[in-house]
Amino acid sequence: MSAAKPTTSPLGPELALAGSIAESVEVLVIGLTTGTDGPEASVGDALDDATAEAVLAGLIAVGATGKAEELTRIPAPAGSGVASILAVGLGDPDDVDAQRIRECAGVAARALAGTTVAATTLSALDLGAAAEGFSLGAYTFTRFKSAKSAPKDNGKPLARVELLVEEPSAQEAASTLARSAAIAEAVATAREFVNTPPSHLYPAEFAARAKALGTAAGLKVEILDEKALEKGGYGGILGVGKGSSRQPRLVRLTYKGAGGKSVALVGKGITFDTGGISIKPAAGMENMTSDMGGAAAVVATVVLAAKLGLKVGVDAWVPMAENMPSSTAQRPGDVLTQYGGTTVEVINTDAEGRLILADAIVRACEEKPDYLIDTATLTGAQMVALGNRTPGVMGTDEFRDRVARISQEIGENAWAMPLPAELRADLNSKVADLANVTNHRWGGMLAAAIYLKEFVAEGVQWAHIDVAGPAYNTGGPFGYTGKGGTGVPVRTMIGVLEDIDEQG
């Protein structure tokens with residue numbers, strides 16, 4: 001089957017700064033908080049006092065309370081310059097922060113499907129958060145819908161958002177919007193990769209698309225095919241990929257930066273995971289199209305670092321394979337040799353992500369980075385421990401805590417987890433240096449990270465982010481997140497890169 005061309009259509013609505021409501025605006029989006037004497041509206045300078053009072057009275061009359069993410073739409077009073085007002089609840093005023101605004105802007109954006117142009121005063125509260133929320137909330141994936149099932153005019157995503165600010169011509173506002181738009185585009189790019197079905201995104205195609213993005217951003221790109229992987233001794237990637245007719249790849253994308261610290265990024269790129277010979281249950285297996293969520297985030301993040309012009313150098317390593325059962329697939333009990341020489345007994349072929357990551361981690365460490373972040377939809381145990389929305393972070397203590405703190409500050413809410421020393425012995429093998437799983441189910445997320453730790457070079461500050469649940473939303477939309485790929489942890493990783501850029 002031939003691959004679908006990557007979409008060239010915008011990944012979100014057009015975002016623009018504005019100082020007042022233009023004639024083309026159809027809907028004005030405002031914030032509504034829960035005040036002690038009833039809801040209070042945040043309209044900035046968009047409406048005069050009399051009109052603002054009329055709007056608030058109209059909202060109260062239809063029962064608006066201002067509770068978080070509540071949506072209330074009313075006809076606009078005369079003189080508003082728009083046809084309707086959409087109020088989105090911000091909750092308690094003391095709880096209104098960037099993440100709350102981002103989430104509420106996303107909720108509003110979804111509700112405005114079919115709207116061509118909207119304006120918002122949420123941008124007066126936090127321009128960057130409002131821009132990201134509207135952009136990501138309006139994101140949809142429709143590439144494979146035919147004309148008969150594609151959204152009609154009244155269901156098409158919001159096309160343009162005018163962000164009302166006090167000084168739309170100010171350089172600071174322009175810079176803030178440019179950064180937020182770039183971040184939203186990167187998150188949406190990761191979502192696009194994850195949402196593309198495995199029939200159309202297999203290792204060679206994924207590598208080609210990553211190369212196209214990297215080349216366009218001015219990155220140096222190198223792709224190792226199956227012959228180069230064999231020659232180089234990448235036994236983990238080859239072992240996982242050899243059950244598929246679609247051969248594995250290792251992609252390297254390098255952003256030189258301008259003399260700052262060096263950071264290696266590694267992302268798991270299993271374009272589809274059946275579990276191999278240790279096959280998964282059929283129910284829900286279609287969601288394994290998301291098993292390259294870590295790789296998608298890494299590709300999007302290194303491209304974003306280049307677009308933002310960070311001083312820090314970023315070297316991204318993206319192993320890609322398809323884990324299939326066949327007559328050529330690796331078997332439980334097989335022994336493979338990871339890049340660098342460590343032998344591994346493969347007890348469970350469904351614990352494949354750590355095998356391809358280990359090869360890439362060893363190779364990345366040969367370049368002597370100051371920091372290394374790997375991310376992967378690695379273990380179902382992550383969801384058991386932390387649920388579907390909270391990534392787990394493990395690694396060297398100081399850097400692990402730094403990554404978790406930044407993730408919480410930007411709203412992806414990763415949580416620091418330990419690496420208990422007693423679990424290491426459970427990865428011993430009778431026939432090889434390591435086994436790829438323990439002989440029990442306790443602490444599975446932690447044991448997987450302990451496995452990866454074996455391949456991180458001494459002296460490298462390392463963090464492993466397990467996003468098995470957070471990278472793919474199988475439930476209903478929430479905040480600025482729709483069904484399918486979420487783009488987690490792009491914002492965490494770019495936040496860490498920016499922090500290293502500033503703090504070292």
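The exercises below refer to this predicted model.

**Exercise 1.** Classify the ring pair formed by Tyr371 and Phe399, and locate both residues in the chain.

*Solution.* 
Step 1. Ring centres must lie within 6.5 Å to pair; by this rule the count comes to five aromatic pairs.
Step 2. The centres of the Tyr371 and Phe399 rings are 4.8 Å apart and the planes stand at 40°, so this pair is tilted.
Step 3. Tyr371 and Phe399 are both buried.

**Exercise 2.** Classify the ring pair formed by Tyr451 and Phe455, and state whether these residues are buried or exposed.

*Solution.* 
Step 1. The ring centres of Tyr451 and Phe455 are 5.2 Å apart, with planes at 45°, so the pair is tilted.
Step 2. Tyr451 and Phe455 are each buried.

**Exercise 3.** Describe the position of the charged end of Arg389 relative to the ring of Phe478.

*Solution.* The charged end of Arg389 sits over the Phe478 ring, 3.5 Å from the ring centre.

**Exercise 4.** Characterise the largest pocket by volume and lining.

*Solution.* 
Step 1. Its volume is about 850 Å³.
Step 2. The lining has 37 residues, and the closest to the pocket centre are Leu378, Thr379, Gly380, Ala381 and Met383.
Step 3. Helix H11 (380–386) and helix H13 (444–453) are the elements that give two or more residues to this lining; H11 gives the most, with five residues.
Step 4. By residue class, the lining of the largest pocket comprises 15 nonpolar, 14 polar and eight charged residues.

Definitions and conventions:
Residues are numbered from 1 along each chain as its sequence is written. This is a predicted model: local features need pLDDT of at least 70, side-chain atom pairs count only at pLDDT 80 or more; totals for chains, interfaces and linings use all residues. Side-chain values use heavy atoms; hydrogens and water are left out. Rings of Phe, Tyr and Trp (its six-membered ring) pair if their centres lie within 6.5 Å; planes under 30 degrees apart count as stacked, over 60 as edge-to-face and the rest as tilted. Helices (H or I, at least four residues) and strands (E, at least two) are DSSP runs, numbered from the N terminus. Buried means under 20% relative accessible area, exposed over 50%, partly exposed in between (1.4 Å probe, protein chains only). A charge sits over a ring if NZ of Lys or CZ of Arg is within 6 Å of the ring centre and within 35 degrees of the ring normal. On a 1 Å grid over the protein atoms alone, a cavity is a set of points where a 1.4 Å probe fits but cannot get out, and a pocket is an open set with protein on both sides within 12 Å along at least five of seven lines; lining residues have an atom within 4 Å of a point. Grid points are joined across faces, edges and corners, and a volume is the space filled by probe spheres set on the points. Ala, Val, Leu, Ile, Met, Phe, Trp, Tyr, Cys and Pro count as nonpolar, Asp, Glu, Lys and Arg as charged, and the others, Gly among them, as polar.
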